[in-house]
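Subject: Structure handover and notes

Dear colleague,

Here is the structure I promised to pass on, and my notes follow directly below it. Please read them with the model open beside you.

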Amino acid sequence: MIRNITIGIDVGTSTVRVVVAERVKDEQFPRIIGIGSAESRGLRHGYITNMSEAVKSIQKAVAEAEKNSQIKIKRAFVSIGGISLSSETAAGVAIVSRGDHEVTKLDISKAIDGAEETLELSNKKIIQTVPISYRLDGKDIHGRPDGMQGTKLEVKTLFVTCLAQHLEDLIVAVSEAGVDVINVIASPMAASLVTLTDKQKIAGCILANIGAETVSIATFENGNIISLQVFSIGGTEITKDIALGLKIPLEEAEGIKIGSMISNYPKKKLDEIIEARLSDIFELIEKHLKKIGRSALLPAGIIITGGGSNLPLIEDLAKHSLKLPAKIGTAEYFAQSKIKPRDSSWFVALGLCISGIDPQNGSEPGSINESFKSFKRFIGNVVKQLLP
C-alpha cells in the first residue's frame, strides 16, 4: 500500500527542523509520524554564510527525523526566510481571448504575466505568485472569474520574492544533504497554513514570527495575503540586551530569557529590558502597517509565533503598541496528532507538510511558477557538478 507521506524542512537561523507527516484515510488531520532538529550552523539572518556547516546541520536534523519516523527522506518541501524575503504587488490586464467572451484560466495567466512584466527584479527571483483580486470590465469580482463573461480582465497579484543567491544557496545546501527539493515556500506562508483560520484571514490579521535573528510578518485580508515583510531583528537581540543589562554571559542570558534558568535578578529590571526590545519590533510592524494602510484596521489582530512568542507580557505589549487584538498562535490543525508540536517554532515545518499533503490548503503557497521551475532546473545542474 502506498503511503501518503510528505516532509517539511525549515532551515532556520538557530535551528533546522524536519517534520514527517502522513495522511491516513478517513482521518481529518494528517499525522505527525516523526520530527528531527539540529542546531543551525553557517547561517546569518536567515541566509547561508557557510555551505558545509549548513549542510551538516540539515543532515543531522534529517537523520533524526528518519530515525523517529522510520522513513527514508528523499524529497521534501523547504521553507525560505531571511532578510531578502519580501513581496511586491502589481496589476496586469488581459483581453478575454474566446469569441464568446468567457474568461478562461489562460486569460488569468496572461494577466498575471502582464503584472510580472511590470516588476523590476534586480538580482531577485519570484518564488510564489498569489492573485489577490480580480476586476472584469471595471467591476470587482468576488472569487475567481473563470467561466464569467466579459472583455477586459484585470488581476492584482502579490509576488513573493527573495535574492536569487539566497535561493540558490538554500537549494544547493538541501540537495547536498541528500534531499531533493520539491518546492521552496516562504516561511510566513507555510506557518499561516497551520496557525490562521479562514475566519481570521477573511476578517484581516497579521501573522508575526519572531525568530532568532529575523521577524517576518504576513498580512491577510479578504482571505488573501496582501503583504509580506522581514525585519533584521529577533530574539537574539533580546538575549544580548539581557547580557549587557545584567552584566552576565550570553548563555545565562538566553536561559533566563526562555525560562530554563531561574533568575535571581530583579524582575522589574528584566521586564524593562525585554519590553524595550519588543517595543522596537512592534514599532517596525506598526510602520509597515501604516505603509500599507492597515494600521489598527485588522479585526482579527496579530497572531504571534516563533521562538520569541513565549516571552512574558508579549501579548499585552502587542495590543498596546499596535492597537489590535493579540494572541499567541496555536496549531489546531494538528490537534489530533499523536506527536504534538513542541511550540510555535515548529509551525513553519508543519505548514510545509500541509502544503504538500493537502493540495486544497496548499495550492497557492505550494504552486511552482514557471520562472522558479527553470531556476530549480538550473540549480539541479549546479548541484550535479558539485557532487563527487
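Lysine 247 is exposed, with a relative accessible area of 71%, where exposed means over 50%, buried under 20% and partly exposed in between, using a 1.4 Å probe and the protein chains only. This lysine 247 lies in the loop between α6 and α7, and although it is not a glycine, it has a positive phi of about 60 degrees. As background, most residues other than glycine have a negative phi.

Before going further, please note that this is a predicted model, in which local features need pLDDT of at least 70 and side-chain atom pairs count only at pLDDT 80 or more, while totals for chains, interfaces and linings use all residues. Residues are numbered from 1 along each chain as its sequence is written, and side-chain values use heavy atoms, with hydrogens and water left out.

Lysine 323 also has a positive phi without being a glycine, at about 55 degrees; it is found in the loop between α9 (314-322) and β16 (326-328), and it is exposed, with a relative accessible area of 64%.

Returning to α7, this helix covers residues 250-258, and its buried residues are Ala253, Gly255, Ile256 and Lys257, which pack against α6 (235-246) and α8 (267-291). Glycine 259, with a positive phi near 85 degrees, follows α7.

For the protein as a whole, there are twelve helices and 16 strands, taken as DSSP runs numbered from the N terminus (helices H or I with at least four residues, strands E with at least two). Of its 388 residues, 54% count as buried. Among contacts (heavy atoms within 4.5 Å) with a separation of 6 or more, 69% are between residues 24 or more positions apart.

No disulfides are counted under the rule that a pair of cysteine sulfur atoms must lie within 2.5 Å. Cysteine 162 is buried at 0% relative accessibility, and cysteine 205 is likewise buried at 0%.

Finally, the largest cavity is lined by residues including Val11, Leu43, His166 and Leu170; a cavity here is a set of points, on a 1 Å grid over the protein atoms alone, where a 1.4 Å probe fits but cannot get out, and lining residues have an atom within 4 Å of a point. At least two lining residues come from each of β5 (47-48), β6 (75-80) and α3 (164-176).

Best wishes

Definitions and conventions:
1 Å grid on protein atoms, 1.4 Å probe; cavity = no way out; pocket = protein on both sides within 12 Å on 5 of 7 lines; lining within 4 Å.
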